[in-house]
Amino acid sequence: MTVIRKVAIIGGGPAGLIAANDLTRQRDQNWEIVGFEARQSLGGVWSDNPGTHMEAEQVFPQLGSLDNLEGPLTPSQIFQYDSPLVVNGRIANLRPLLTTSEKKPMQLTRRSRLRDGVIMSKKSGLYDDFMTNAPGQLMKLNQKSNLKEKKMAPQTSMAPLVDLAQVKEQFQQFEKHSQSAGCFRLNTCVEYLDKLSPSKWIIVAKRSLPGAEHEEWYSETFDAVVVANGHFMCPYVPFYMTAGDSNVHEFNKNFPNTLVHVRDLDHWYRKSLPALKQDLEKAKRKVVIVGKSFSAMDVLKRLVPLHNANSNLEIIISTNTPPFPENSANPFCWFDKWLTETNKVTLKGRIAKFGQRGEKPILQFKDGSVVEDVSAVIFATGYLYTFPFISRSLLESYRILVSPNPNDPSGSSSNASRVSGLYLHTFSIADPTLAFVGISSNANFQSFSISSQAIAGVWSKFNRLFDQLQPQDSPIYDSIWSQVLPCVQEQLSWAKERLSQTGNNGAYHFYYPLQLLESHWLRYCKPLFPTEDKEGGLFPANSAELSQKGLRRLQELFYQAVDPR
């Protein structure tokens, strides 16, 4: 009898689907795999359709519904706000839930919560004309299975990048032909994850069927857990999530629909942008973009042509970090160069205060300058690593922590944070029956396969050795784990070396150029893969060339949009 028999996968996006597929391929294991997906369909952020769910709650209106803002908000506070069971990262009394099951759940009255539209949003940031920022050949959901996938042939206008329709078609084909897709329970959110005993995990899940008046809560135990909730679960909202007296909450209440996060761009493009175009015919308008991320570039592709056609539009970019075109480690250093040379946008530092003068909104910046009568402030500030459903005490004891923002005295995390406590961005060093897929993604799906194949190889090898050796050191079985993974000291040494290469920030999980991913990460993971996966290649032979070609095409498309001459 093996120890790892029942596996939970949290998240039905590309990371979760790939994990389910790689685990299912281990035919000799016969694992019982249960996937949890909060949305109505699989695909994660890719499940959204532009133009749908226009009535869905949005980030800033939801945050504005709070009566008061007392200190920086954390993702866990937002996720658990008004929860009937989870308080301060724990469930005080699990006993009533231990008698429940998927078929015999506890019914509680359904109600809206703060997290609706913030963390648990129906919208995912997709919009018309959305395209990948990596070539289609680096966006493949599977490498080894016999799925009859439709080849992702790029449109000539954006090749080698691909559009949203082609990515969604791949998900549809995957779901249609993959047995692993059937293991997921839709409309089911994991509310709580903790260790019930040294050898068992407990999940508390909530099923919310569309149109139902009640939520169905139940518990279930597992031998191992894959966390694949993605990196786009919680928007990073500076000022709400950082310390300081910025007055953002009062501003948000007084000037609704002025602040918008890129998560809600589909709504802004369809509702607010047309109104802005009309206003430009009559008066000057100012739009501030917070951040200079890839999302900011995409917004500029819409706004700069308006500025070119009508000088009444002033575009301002607020950023904590001045452009640094010389930084060749940044794949978008060309964008920093454009920012230093263009006269189409005005660069400013951090916003210090949100305020009003009379009935009009104003922004005061760190340098003391003031911008009056702002039409929109678009937060292109990305997302946070967060696991708000995992027991807070377990995260602390396992040292799986999201690093603090060094510029925030409150110690809050930011979009530049990293996750600690993991070996190879994948295995909990404290407990390898807890694993993660998607922490390191490099904007391509094959990166998910690196983690998922390592997990499949490690857990299946553990089971085989357990059957052969019948160890007596229950319940931890160090005698087996020591033959499957490097010792804890070696795992910590790997993490320490990686930290010395990148610093304590998000670059820890990112490899550029792509060759570094193979030499600094894949080569450590491949020996852990199942035997049949060790010889094959996850990436095309010309992947490095493809990656660079994709980056060049992004640059070309940006310049075509903002300066079509």
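**Note on the predicted model**

1. Asparagine 405 sits in the loop that runs between helix H10 (392-398) and strand E23 (422-423). Helices (H or I, at least four residues) and strands (E, at least two) are DSSP runs, numbered from the N terminus. Asparagine 405 is buried, at a relative accessible area of 12%; buried means under 20%, exposed over 50%, partly exposed in between (1.4 Å probe, protein chains only). Leaving out residues up to four places away in sequence, asparagine 405 touches Tyr236, Ser412, Ser413 and Ser414. Contact means heavy atoms within 4.5 Å.

2. On reading the model: it is predicted, local features need pLDDT of at least 70, side-chain atom pairs count only at pLDDT 80 or more, and totals for chains, interfaces and linings use all residues. Residues are numbered from 1 along each chain as its sequence is written, and side-chain values use heavy atoms, with hydrogens and water left out.

3. Confidence. The protein averages a pLDDT of 93, and 97% of the residues score at least 70; pLDDT is the predictor's confidence in each residue, from 0 to 100. Over residues 145-149 pLDDT stays under 50, and the model has 13 contacts for them beyond four places in sequence. Where pLDDT is low, the predicted coordinates should not be read in detail.

4. The largest nonpolar core holds 107 residues; Leu23, Val226, Leu300, Leu303, Phe427 and Trp459 touch the most other members. Such a core is a set of buried Ala, Val, Leu, Ile, Met, Phe, Trp, Tyr and Cys residues joined through side-chain atoms within 4.5 Å. Helix H11 (residues 446-469) gives the most to this core, 10 residues. The core lies between domain 1 (6-235 + 385-552) and domain 2 (238-381), because both give residues to it. Domain bounds come from an automatic or database domain assignment. Another core, of 60 residues, lies apart from it and includes Ile119, Phe251, Ile400 and Leu422.

5. Aromatics. The whole structure has 33 aromatic pairs. Rings of Phe, Tyr and Trp (its six-membered ring) pair if their centres lie within 6.5 Å; planes under 30 degrees apart count as stacked, over 60 as edge-to-face and the rest as tilted. Phenylalanine 36 and phenylalanine 222 pair edge-to-face, at 6.1 Å centre to centre and 80° between the planes. This pair links strand E2 (residues 32-36) with strand E11 (residues 214-222), its members being 186 residues apart. Both phenylalanine 36 and phenylalanine 222 are buried.

6. Charge over ring. Arginine 418 lies over the face of tyrosine 508, 4.4 Å from the ring centre. The criterion is NZ of Lys or CZ of Arg within 6 Å of the ring centre and within 35 degrees of the ring normal.
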